[in-house]
Amino acid sequence: MTPALAAGAGPLVALLAACALHAGFQAVVSVVVYPALAEVGPERWSAAHGAHSHRIVLLVAPLYAGLVAAWGWVALTQRLDAALVVAAAGSALAGATTALVAAPLHARLGSEGPSAALLTRLLRADRVRTLGALLALGGAVAALAR
């Protein structure tokens, strides 16, 4: 890393940290949390889904706030390049999938209960979010390495 890059690397380091946290979180949700939730039977679904929803927001809210803050810092201080475009596309994919697919599915699962179709859509949406988070992480690594 050149001294000039090192001097202006703060926003990129923050972005890398936020993207790494997001990718790690998404990987755990995809590999552990959602598969376990999908195995809960209908008789326990309401309590399990409600507990999941209350607990996960304690992680999701600060994680997404940190990611948005890091992107704000990057937007104010960095020149947009291919690596940042890739990172932004990944973050946008994960965020849009959360807002437009996963959150509405959770609302339906909370009100209607589990169905194979809804759970399958949620697991697929979560894989897309994880892909987006990993893409963002790759772009952040490349941006810092430039």
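Here is a short briefing on the fold, surface and charges of this protein chain. The model is predicted: local features need pLDDT of at least 70, side-chain atom pairs count only at pLDDT 80 or more, and totals for chains, interfaces and linings use all residues. Residues are numbered from 1 along each chain as its sequence is written, and side-chain values use heavy atoms, with hydrogens and water left out.

**Fold**
- The protein chain has five helices and zero strands, where helices (H or I, at least four residues) and strands (E, at least two) are DSSP runs numbered from the N terminus.
- Along the sequence, the pattern reads α-α-α-α-α.
- Taken along the principal axes, the C-alpha atoms fill a box of roughly 60 × 25 × 20 Å.
- Of the contacts (heavy atoms within 4.5 Å) with a separation of 6 or more, 80% join residues 24 or more positions apart.

**Surface and burial**
- The accessible surface (Shrake-Rupley method, 1.4 Å probe) is about 7,700 Å², and 73% of this belongs to carbon and sulfur atoms.
- Of the 146 residues, 38% are buried, meaning under 20% relative accessible area; exposed is over 50% and partly exposed in between.

**A look at Val28**
- Val28 sits in helix H2, which covers residues 10–38.
- With a relative accessible area of 44%, Val28 is partly exposed.
- Together with Val31 and Val32, Val28 forms a nonpolar surface patch with about 270 Å² of accessible area; such patches join nonpolar side chains within 5 Å, each residue having over 30% relative accessible area and no salt bridge (a side-chain nitrogen of Lys or Arg within 4 Å of a carboxyl oxygen of Asp or Glu).

How values were computed: Patches are made of residues with over 30% relative accessible area and no salt bridge: like charges are joined within 9 Å, nonpolar side chains (Val, Leu, Ile, Met, Phe, Trp, Tyr) within 5 Å. Buried means under 20% relative accessible area, exposed over 50%, partly exposed in between (1.4 Å probe, protein chains only).
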